[in-house]
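These are my notebook entries on one structure. I wrote down what I looked up, entry by entry.

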Amino acid sequence: MSELARIITAADPAARDRALDSYCRSASTAALLDECAALEELRHASPNLYERVRALFFLAAIHRFHLPDRPEAAGNALLPFTGYQHLLGRRYEEAIRAFLAVQRREGPSAPVSSALAAAYRGLAFQTLADQVRRSVRAVRGNQWMFRTGHPGDYALRLRPELLSRGDTALFPVLRETTPVRMDLSHSGWSDIFFLGMDYPEGARVLNISIDLSLHGQAEPAPPVEAWLRVIDQPVLRLASVDLRAEAEITSLAEVFDFARDYLGLLKSAVIASGLIPPGLEGSGQSLADLLARLTGSPGLGIEIVSKVNDIPKGSRLAVSTNLLACLISACMRATSQIPALTGPLEEAARRLVAARAILGEWLGGSGGGWQDSGGVWPGIKLIEGEPAAEGDVEFGVSRGRLLPRHRLFGPDVVKPETRELLQNSLVLVHGGMAQDVGPILEMVTERYLLRSAQEWLGRQEAISLLDQIVAQLRQGDVRALGSLTQRNYDGPIQTIIPWAGNHYTAALIEQVRAEFGSAFWGFWMLGGMAGGGMGFLFDPKVQPRAKQRLAEIMSATRRRLEGGVPFAMEPVVYDFRINEHGSTAELREGARALMPPSYYTLRVPALLRQEQRSLTRSQRAELERFGDACRHEPALRGMTADLIDHLLPQSQDDPGSAPRRLRALLDDLGFDAAHHEKIRAELRAGRIGLSQNRLPVSSRIEDVGPDEIHDARQPLPDRLRRLGEQALADGALAIVSLAGGAGSRWTHGAGVVKALNPFARLAGRHRTFVEVHLAKSRRAARLFGSAPPHIFTTSYLTHAPMAAHLEREANYGYEGPLHLSPGRSVGLRLIPMARDLRFAWEEMPQQQLDVQKQKVIESARASLIQWALGAGEGSDYTDNLPLQCLHPVGHWYEFPNLLRNGVLRDLLAERPGVRHLLLHNIDTLGAEIDPALFGLHLESEAALTVEVIGRWLDDRGGGLARIDGRIRLIEGLALPSEEIEFDLSWYNTGTMWIGIDRTLALFGLTRADLGDEAKVAAGVRALAARMPTYITLKDVKKRWGRGQEDIFPVTQFEKLWGDMSALAEAPCAYAAVPRRRGQQLKEVAQLDSWWRDGSAAWLESVCEFFQP
Amino acid sequence: MKIRKAVITAAAKSQRRLPLQNLIDRDGQERSVLAILIEEAVKAQIEEIGVVVWPGDEAAYEQVIPEHAARVRFIPQPAPRGYGHAVWCAREFTAGDPFLHLVSDHLYVGAAAGACASRVVEVAEAERCAVSAVQATHESLLTVYGVVGAQRAGAAGDRYRIETVVEKPTPTEAEQRLVVPGMRAGYYLCFFGIHVLTPAIMDILDETVATSTTRVTLSQALAQVAAKERCLALEMNARRYDVGARYGLLTAQLALALSGRDRDEVLTMLVRLLAVQEHVDRV
């Protein structure tokens, strides 16, 4: 038996918990390949879920981290397009077969390993998700809902109490209120379903139900509420008063259309509660028939309203899961699935609600941990994984059950005075950062299964810290508890996942510690990562002051960092109270049978627009009752003004309004309105667009062989090194880092400056991209005796924050000349053409998602196409913050900008010896000043020497090709079909050595012309006309409400620098460089593997950070 | 154990008129629902029958069963306190004996007239324990029945040892507590409307009636009996018809007719009805 298979199948924990890395480091390549074959066999043969999944993660890790660096895997095999298509379609087995076939034929190679790693990893997560889905469906009490495919099979009936109108015409209202939960122990993410199911003894969480309010605004109350009642219309009416969304649903199909509006969570609850069972999806049956069976009378329907009380999104307090549970609980009470119509829930009912909430999260395409519905339970409880026993659906499949056990801590375990002390010590905040926890949860699962030594020790320490936290709670020592939560954050949490912490949080802790000293007892991270919901424990004596100061500190730190860190909202401080009841319900009857006041600001305007006689009996009665309540009840004082605000339109044209500011900004930035109109007209006429970006299909596109380019992956001759070193010593090189972009993939369109994002902790501190590039230049200055001038190109979006940041940081101590090159062009985004959206989503290969997530995304896409048609295809996109409506026009303009803004002219005046530029993207972290490569460029006498790398699976977007006989770069946008890219071995890193004089010649210019603005402008215009214009779709975030975000696809145009290589008169050279030099960090999700594959450590070795 | 007594409950507000409805029985005779039920009991060798009625209904009932007057005793239920309470009202009549119990809003159509009650009595006497007739019923009908949670008992294949009883459960509760091994998914053992009950039921109902302020269900009492002594569920092949349901009386009549002497006549009538309707639709 193979060594790794033995580790996986071992019964003895000491053997089972061995790390993969320790074996791989010492194994030969042949041994690793043999192990891969054995693991492949094991994963097919083993009936055990855990063994299969662990084998898959082992295979993924070997191919991602251990094989690519081996000399035996140095080949540059081409990946089969069919394998890629299988991968996108989530047909992982077929993809693996296709990639293994290439490996068998051509031997091991890094590109094939990159594809295998992705396929194995995808299959591992798919296997886990399938298992959780099967378990959720198999839970007793959930199964019947999947069998119910016809109203005739429907077995639920509404409780008679809800159907009795009594003396008034109003149906009673069932109101459920639920606390949210905070996680005192953090748990090391052990509440991820798979961890609980595989390692039940290690899955433990200390979870507290709490009421909340914004500091100083009101008494803490249960943050989420669900309201349910019968209505006298045969429809399902859903409303979210905090999102100000409502829908009157008349068909079953619409119930299952999750992303059509903001009511997806309510729909998930309606389905998961069994009110409309999931088995009815696609049945084509009538919703009215179903409602008639439910209510016992044709003509009646149900209204469900959700309300979140001022808690922003991303609070890390599981607001959405608890809202889902709250809604589910109300629906299950109403249909007798929970015996108690009112009051708190019994344990059996809580477990049922939790199981349905898991189902609801799966249906809605979201996913929380198993502790998230903790708000359904009261007070403080220990939630623990439970081993599966005979009779459980999980038995024989996984070691643990899907649902954990909740052990409530009564006053005998945690004394009332300890609870009081905790309330008086903790300052609970939302730091305001926008976060995506999804990648973190995947990292945790992967690392858990690989048992990497450090992380595994971290997990064991987290488990022991939980015991200590429980002990301190029992003893009532909150100060000691604070030091434990701080230890947990500093130690295990960031050991398991370094990305859980961030610069913003570190800065907050540092300031709080400095200001409060020993009265600050410790930091406490809530949820998946820091920056959103967080806790700070203080001596109760200083808590009131700490609340005030934390608000100020967070706000000031946010302002300092917001240029580079995505914030979704202004930070807030909460007041909170431990909720000792869990989810409870009350029935409001007679005159009290009204919905929450904010519901009426949403609903009344619509009712008032209706003709009086078309109102139903209930609606008339409700309006009368509401009017009466407004006149006489103090709680509804002020409603009249609110209603008028919602009834009458408000002026959009004050000087501070967004459209006004946008117009002013366009004027300031020299927006070319004539060019914009031309683009719009061509777009609408169909002359430009996504499909028109492409080269004619008749183009002859061929791969470039390794002998046609310079191979700089191995050490280059000393001759070149010496040549480069001499030129560097002579000051012949300047660095140009392209920093005009917002990194839309990095923050999903949040519109912050990527260059200023403190993305990773290097040499002990979080570093920004700018700082890293300057640190490399600092090292070069020391090595070669001359500090190269460093230019950061900027745009309308990045210039001011970059300038302010560099000034604040004193250029990170960089001793050489540092210039910003402000952009001279700006575009205004357009509403996309529906045909381009369809082309992008239907014609181009797309990553398929898990079946439920795919349904959600398809529904969202249909809505976005409707949005584009409704808003006017090709119209100006102005419905957002002004800066989010503008776009940079592509990096082709960056070099011309250097000419037009005078930066190059001034630089050459200051340093006439500068003859070449090293130009790279801000996220190409490994682009350092390599004298041998510089020597190669010098010797080649090229205008442009382009660095390329061997194409791995994720390297999409064009590359190097021979097109109609000429070797040149080609953008992915311009390839006649996606498939062609898979025949191209080399990927463009975006890094280029540029001979200044030769490149100026392409513009028809010399150094001497740089002072002549007109000549420069004419040169730029002439060349720009020869460059292709690409139409692209970009995601842009629109923020609203409390931390809510929508993402819209918008159209923009760009010209790209790589097309310079297509100019017949441009002498170009190409060099294949090592991957770590050419790799770009485009997405946050790449960080972890970048860290683990040694790239980060290598980068640290070529940086010299400023030591103030 | 010999079963000589039967209790028929007919006092519920919504059911009071049902036993008085006339139908044509399998033999082509016009009889009331109550008379058909009494004959079901008589064929099971029952000698005395107690009918629990709403006070004042006795005379009307007496009129529709003149041939059984001698063996029937009417027992008033003074207050509408539920099905369990109605059964409890017959405690003096049963006087510590086991008894057959039928509900007055159901009719049974088996292989032969009276075969259903006879079968239940026969099994109860052989097994010397309480027996409830049950039928595998789809979960969409759970809202109208008492449902048993049970394990198979004995080799006969039609008997189950009752572990619990729940009145009108939701499918969620049924799936958690009432799944019977071997039963098709989504099907549960629901009461058929015929039971043989032992004196233990009256002891439990005594206590419940004395302490409960809400309606007293029979299912809850049966669950308690099952926890104390052996109770069997007997799966029936026959069909039950709820005459109180929408078109229930019509369906029961058709079922009786199609299983009796006038089968051909009724079938012809139905075919003619369909043909005429078809013709009218075309015109």
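I looked up strand 16 of chain A and found that it pairs with strand 27 (residues 958-963) of chain A in the antiparallel sense, over 2 bridges. Strands here are DSSP runs (E, at least two residues), numbered from the N terminus, as are helices (H or I, at least four). Two strands pair if DSSP finds at least two bridges between them. Glu702(A) stands opposite Arg962(A) of strand 27.

I noted that this is a predicted model, where local features need pLDDT of at least 70, side-chain atom pairs count only at pLDDT 80 or more, and totals for chains, interfaces and linings use all residues. Residues are numbered from 1 along each chain as its sequence is written, and chains are lettered from A and ligands numbered from 1 in the order in which they are written.

I then traced the open sheet of 3 strands, whose order is 16-27-28 in chain A, with antiparallel pairing. Its edge strands, each pairing on one side only, are strand 16 (701-702) and strand 28 (966-971).

Next I checked strand 11 (residues 426-430) of chain A, where 5 of 5 residues are buried (20 or more other C-beta atoms within 10 Å of a residue's own, with C-beta atoms placed from the backbone). Leu426(A), Leu428(A) and His430(A) lie on one side, Val427(A) and Val429(A) on the other.

I looked up the partners of strand 11 too. Strand 13 (residues 533-538) of chain A runs antiparallel to strand 11 and is joined to it by 5 bridges. Strand 14 (residues 572-578) of chain A is also antiparallel to strand 11, with 2 bridges. Val429(A) has Met534(A) as its bridge partner in strand 13 and Val573(A) in strand 14.

Note on methods: Buried ≥ 20, exposed ≤ 12 C-beta atoms within 10 Å, placed from the backbone.
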